[in-house]
Amino acid sequence: MSAASRAPLRSNRSNRTAARVRGRAALAAGAAAAALLVSACGSGGTSGGGGQTGFVTGADGIATAEKGERADAPELSGKTVDGGQVDVADYRGKIVVLNVWGSWCGPCRAEAKNLEKVYKDTKDQGVQFVGINTRDTSTGPARSFEEDYGITYPSLYDPAGKLMLRFEKGTLNPQAIPSTLVIDRDGKIAARTLQALSEEKLRKMLAPYLADDSGTSEK
């Protein structure tokens, strides 16, 4: 066989090898994207606590900060899923339960009715629920989610996750979808969990702040 006739064979082998390499790279990239999606919308975790953070995460996955060690909640305001306006600062003096969710998120669907039930049961006790809808590219799916699960409290529309980035690192910041935070009557972040909540666990998370009925206690 001449050198000229062998050249196409070598070229074909090189092309097949390159194709296999590209295929493996694409497979790895797909697996990485899938892992990222799972980590972004899963059952949560117990990250944080200890060191210089000023908070401790319990075995139940609920992290809490003592008075005097709580960080101020950032400015959280803007348009809501239904076209209104919300500024969390307007609820100063109330306990605010802040839930980060997406209509595409399975655990968010699992906890939605629990959130609404507890909201209805506690809103007359000075508790306000506020959602932050994120990663939905339009408000249509988010509105459908609220209708399907009977959600009556407002949700800020934050498709790019910019509101989540306003929380300082090392504080009780939302790090997953879903995340739920309790902001005390002084506008400080008192508790956080990075998991879908049962009705029982949400009530347990909220109970200490309902018991503290003294209103604003520190500035």
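These legends describe close-up views of a predicted model.

**View 1**
The strands follow the order 1-2-9-8-5-6-7, and their pairing is mixed. Strand 1 (55-57) and strand 7 are the edge strands, each pairing on one side only. From one strand to the next, the twist averages 15 degrees. Helix 3 packs on this sheet and touches strand 5, strand 6 and strand 7. The direction of helix 3 makes about 125 degrees with that of strand 5. At the other end of the strand order, strand 1 and strand 2 run antiparallel, joined by 3 bridges. Phe55 has Ala65 in strand 2 as its bridge partner.

**View 1. Strand 9 and its two partners.**
Strand 9 covers residues 189-193. Is strand 9 enclosed by the rest of the structure, or open? 5 of its 5 residues are buried, so strand 9 is largely enclosed. Strand 2 (residues 62-65) pairs with strand 9 in the antiparallel sense, over 3 bridges. Here Thr64 has Ala191 of strand 9 as its bridge partner. Strand 8 (residues 179-183) also pairs with strand 9 in the antiparallel sense, over 4 bridges. In this pairing, Thr180 stands opposite Thr193 of strand 9. Strand 8 and strand 9 form a hairpin, with 5 residues between them. Gly187 sits in the turn and has a positive phi of about 80 degrees.

**View 2. Helix 2 packed against helix 4.**
Two packed helices are described by the angle between their axes and the distance between the axes. For helix 2 (residues 106-122) and helix 4 (residues 199-211), the angle is about 35 degrees and the axes are 9 Å apart. The crossing of helix 2 past helix 4 is right-handed. Helix 2 contributes Asn114, Leu115, Lys117, Val118, Asp121 and Thr122 to the contact. Helix 4 contributes Glu199, Leu202, Arg203, Leu206 and Leu210. Which kinds of residue make up this contact? The residues divide into 5 nonpolar, 2 polar and 4 charged.

Cys105 lies in the loop between strand 5 (95-101) and helix 2. Its relative accessible area is 0%, so Cys105 is buried. Beyond its neighbours within four places in sequence, Cys105 is in contact with Cys41, Ile177 and Pro178. Ile177 and Pro178 are joined by a cis peptide bond, with omega about 5 degrees. Pro178 belongs to the loop between strand 7 (155-158) and strand 8.

**View 3. Arg135, a non-glycine residue with positive phi.**
Most residues other than glycine have a negative phi, and most peptide bonds are trans. Arg135 is not a glycine, yet has a positive phi of about 70 degrees. Where is Arg135 found? Arg135 is in the loop between strand 6 and helix 3 (139-149). With 45% relative accessibility, Arg135 counts as partly exposed.

**View 6**
The structure holds 5 aromatic pairs. Trp101 and Phe145 form one of them: the ring centres are 4.5 Å apart and the planes lie at 25 degrees, so the pair is stacked. This pair links distant parts of the chain, with Trp101 in strand 5 and Phe145 in helix 3, 44 residues apart. Trp101 has 4% relative accessibility and counts as buried. Phe145 is also buried, with a relative accessible area of 7%. Trp101, Phe145 and Tyr149 form one aromatic cluster.

Tyr119 and Tyr153 form an edge-to-face aromatic pair, with 5.4 Å from centre to centre and 75 degrees between the planes. Tyr119 lies in helix 2, and Tyr153 in the loop between helix 3 and strand 7, so the pair ties together parts that are 34 residues apart in sequence. Tyr119 counts as buried at 9% relative accessibility. Tyr153 is buried too, with a relative accessible area of 4%. Gln128 lies in strand 6 (residues 127-134). Is Gln128 buried or exposed? At 9% relative accessibility, Gln128 counts as buried.

Methods:
Residues are numbered from 1 along each chain as its sequence is written. This is a predicted model: local features need pLDDT of at least 70, side-chain atom pairs count only at pLDDT 80 or more; totals for chains, interfaces and linings use all residues. Side-chain values use heavy atoms; hydrogens and water are left out. Buried means under 20% relative accessible area, exposed over 50%, partly exposed in between (1.4 Å probe, protein chains only). Helices (H or I, at least four residues) and strands (E, at least two) are DSSP runs, numbered from the N terminus. Two strands pair if DSSP finds at least two bridges between them. Axes are lines fitted to C-alpha atoms, for helices over the stretch in contact, and angles run from 0 to 180 degrees between N-to-C directions. A crossing is left-handed if the near helix is turned anticlockwise from the far one by less than a right angle, and right-handed if clockwise. Contact means heavy atoms within 4.5 Å. Ala, Val, Leu, Ile, Met, Phe, Trp, Tyr, Cys and Pro count as nonpolar, Asp, Glu, Lys and Arg as charged, and the others, Gly among them, as polar. Rings of Phe, Tyr and Trp (its six-membered ring) pair if their centres lie within 6.5 Å; planes under 30 degrees apart count as stacked, over 60 as edge-to-face and the rest as tilted.
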